[in-house]
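Student: I would like to go through the terms used for this model. Can we take them one at a time?

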Amino acid sequence: MGKKRSREEGKDAPPADAGVDKMDEDGSDDEVHDTGGHHGRLLICLLLQQDFDMVNVEFEWFNFDPEIDFHGIKSLLRQLFDVDASLFNMSALADLVLSQPTIGSTIKVDGKQTDAYAMLTALNTYVHRDTEPMKDILKYLVEKAQTNASLAAVPELINAGKHIGLVFSERLINIPPEIGPPLYSMLIDEVEAAVEDKEPYEFSHYLVLSKTYQEVESTLDVESPKKKKAKEESSTFFFHPEDEVLHKHALAYGSYSYTKENDSVADSKRAFQEAGIKPAGHMILIEASKFPGAVKAITDYLQPQQ
């Protein structure tokens, strides 16, 4: 494979429409320096629930670095696959992600040497089809898509040997969704540059792997009269708010049950509310020609608060 275009060469920040503070508009670029992959900062105000203070958090995004990011990326990938992560060689998958350092990004807070708070990348399903992690993941995705009629296009494209960009996007819980648009915008730029360099990133489609969840009645409270009233239907919620926007540009999307979902107990997943949650896998299939429009839509939807 030829040498990838360096993002440090004229690409120190995402596009202006990505909702990013370009290094501080007041001209204070004394802090800007070469960090071997540092290519932008995003300033977001966070509201702390305890005392309602506003806190400015500066997120920085970097190229993947195999010397630093293995454990952080592996942890985020395990979180993305939830209970089904044990079905795959997550170490091999992390290595595969790190093998293409200028496609995709990490988000960090305390500098390059720390673990990533978020990541986003895309792997070519056809090019990597014979590697251990991709072979197992593709078999898994085909099987899962066949359980949901809405996802019928997924196994058809995979089995046809299409060059699909399999998107892994994950972040730590409570990281603000505003970090998503710059990650997606940077991915588009990187893929375009790689295609110009004749590298195998000319995708026909993008397949975003994600998660949803439903609120479920706690098994600990079944004897409570207030809890005996069953819900007529469960509402689906998104771990990543941008997924709902991506749906509007998708060729297909839908959720599926985890193979090992019985290994997790809903009551142990309670978070900030009485109800437990039942997570599920989720896929969003977008034609490559419509992907930039989808990213523009989530950028407009998730503009950082000023």
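**Helix packing and cores**

Tutor: Helix H1 (residues 66-81) packs on helix H2 (residues 90-98) at about 125°, with axes 9 Å apart. The model is predicted: local features need pLDDT of at least 70, side-chain atom pairs 80 or more, while totals for chains, interfaces and linings use all residues. Numbering runs from 1 along each chain as its sequence is written, and side-chain values use heavy atoms, without hydrogens or water.

Student: Why is H1 called oblique to H2?

Tutor: Under 35 degrees is roughly parallel, over 145 roughly antiparallel, 65 to 115 roughly perpendicular, and the rest oblique. The angle is about 125°, so H1 is oblique to H2.

Student: Which residues of H1 and H2 make the contact?

Tutor: Contact means heavy atoms within 4.5 Å. Among them are Phe-70, Ile-73 and Leu-77 of H1 and Leu-93, Ala-94 and Val-97 of H2.

Student: What has the most contacts inside the largest nonpolar core?

Tutor: That core has 41 residues, and Ile-73, Leu-77 and Phe-81 are among those with the most contacts inside it. Such a core joins buried Ala, Val, Leu, Ile, Met, Phe, Trp, Tyr and Cys residues through side-chain atoms within 4.5 Å. Helix H3 (residues 132-145) gives the most to this core, seven residues.

Student: Why does Thr-236 count as partly exposed?

Tutor: Buried is under 20% relative accessible area, exposed over 50%, partly exposed in between (1.4 Å probe, protein chains only). Thr-236 has 43% relative accessibility, so Thr-236 is partly exposed. Thr-236 lies in strand S7 (residues 236-238).

How values were computed: Axes are lines fitted to C-alpha atoms, for helices over the stretch in contact, and angles run from 0 to 180 degrees between N-to-C directions. Helices (H or I, at least four residues) and strands (E, at least two) are DSSP runs, numbered from the N terminus.
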